[in-house]
Amino acid sequence: MNAGMILILGVTASGKGRLAFNLAEHFGGEIISIDSMKVYRRMNIGTAKPSEEARRRINYHLIDIVEPSESFSVGRFLELAGAAIDQIKSRNKPVIAVGGTALYIKALLYGLFDGPARDEQIRLRLKQRAQAEGLETLYKQLVEIDPAAAQKIHANDLKRIIRALEVYELTGKPISGFQQQWQIPAPINRGHKWTIIGLRREKTVENSRINQRVKNMIEAGLVDEVKSLLAEDKPLSMQARCAIGYAEIIDYLNGKTTLDDAVELIKKNSRRFAKSQRTWFKTFREVHWLDISPDEPAEKILERTKSLITDAVG
């Protein structure tokens, strides 16, 4: 069977990374990460990157490609993902994309929407407001002018909050209205059809898995990882600083909160992020959903996925 192009999606801590790895081993494929934070070097624990052992066994793309001091855009992601797809297919191997950054997934599947060009003066002013008044002030403004977009954008996502406010200021129209124009297949697909697999668990189970993941990250040394990043010569980009897990630990290291409170906030923000992901994923078409039971072993999930792919690709 030719597995072709497979895309695995799911909320944070859903098990999609493990499934992608198992599929890549089974089919002899390579993995493209669809994650806006795994692109950053040395941000390993808080982004739940695949282990060094996994990366020795499977070829991963779009991980560790930019410095934490740099910004990264959906346009850059599409450019690099397109190049990775071409490389993998030139080796006659299946493409297995996996991730939870819904904006990147939507752009990969359906293309970018037509919105106004960026305005650096507006962006600078909004960033200064966020620093002076707090990001919460900008998010509240977004809720007022574009509740549909606010429902999909995490309250800590500075970059997307600023973009949404920028679009509204430039056009007088909410960004959610522009995003409804996503109908044309992305040129990146080059005539290939994705088989999209979605992993879904009961919400209480997902929340429990998120809480356990956060606990594991702290035990693995997340605090020391953040300390090391903050000690680097170049400061973290605003995008990297706002990442869930990093923003909260930075506040702890700056004496703004206790470690216990920071950990609980990471859990809370991760659960809110998962809710946002679920909202996004409901808008995606042609997703083959797998409902995963609480104690279902990875081997069974793999077998069910293989059967589903067989049915999908014929």
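Helix 1 and helix 15 cross in a right-handed sense (the near helix being turned clockwise from the far one by less than a right angle). The structure is a predicted model, in which local features require pLDDT of at least 70 and side-chain atom pairs count only at pLDDT 80 or more, whereas totals for chains, interfaces and linings use all residues. Residues are numbered from 1 along each chain as its sequence is written, and side-chain values use heavy atoms, without hydrogens and water.

The axes of helix 1 (residues 16-27) and helix 15 (residues 298-313) come within 10 Å and cross at roughly 65°; axes are lines fitted to C-alpha atoms over the stretch in contact, with angles from 0 to 180 degrees between N-to-C directions. Helices are DSSP runs of H or I with at least four residues, numbered from the N terminus. In this pair, R18, L19, N22, L23, H26 and F27 of helix 1 meet A298, E299, I301, L302, T305, K306 and I309 of helix 15 (heavy atoms within 4.5 Å).

For helix 10 (residues 203-220) and helix 14 (residues 259-281), the axes come within 9 Å and cross at roughly 140°.

The largest nonpolar core has 55 residues, with L7, F77, W194 and F284 making the most contacts inside it. Such a core joins buried Ala, Val, Leu, Ile, Met, Phe, Trp, Tyr and Cys residues through side-chain atoms within 4.5 Å, buried meaning under 20% relative accessible area (1.4 Å probe, protein chains only).

How values were computed:
Buried < 20%, exposed > 50% of the residue type's maximum accessible area, 1.4 Å probe, protein only. Helix = DSSP H or I, 4+ residues; strand = E, 2+ residues; numbered from the N terminus.
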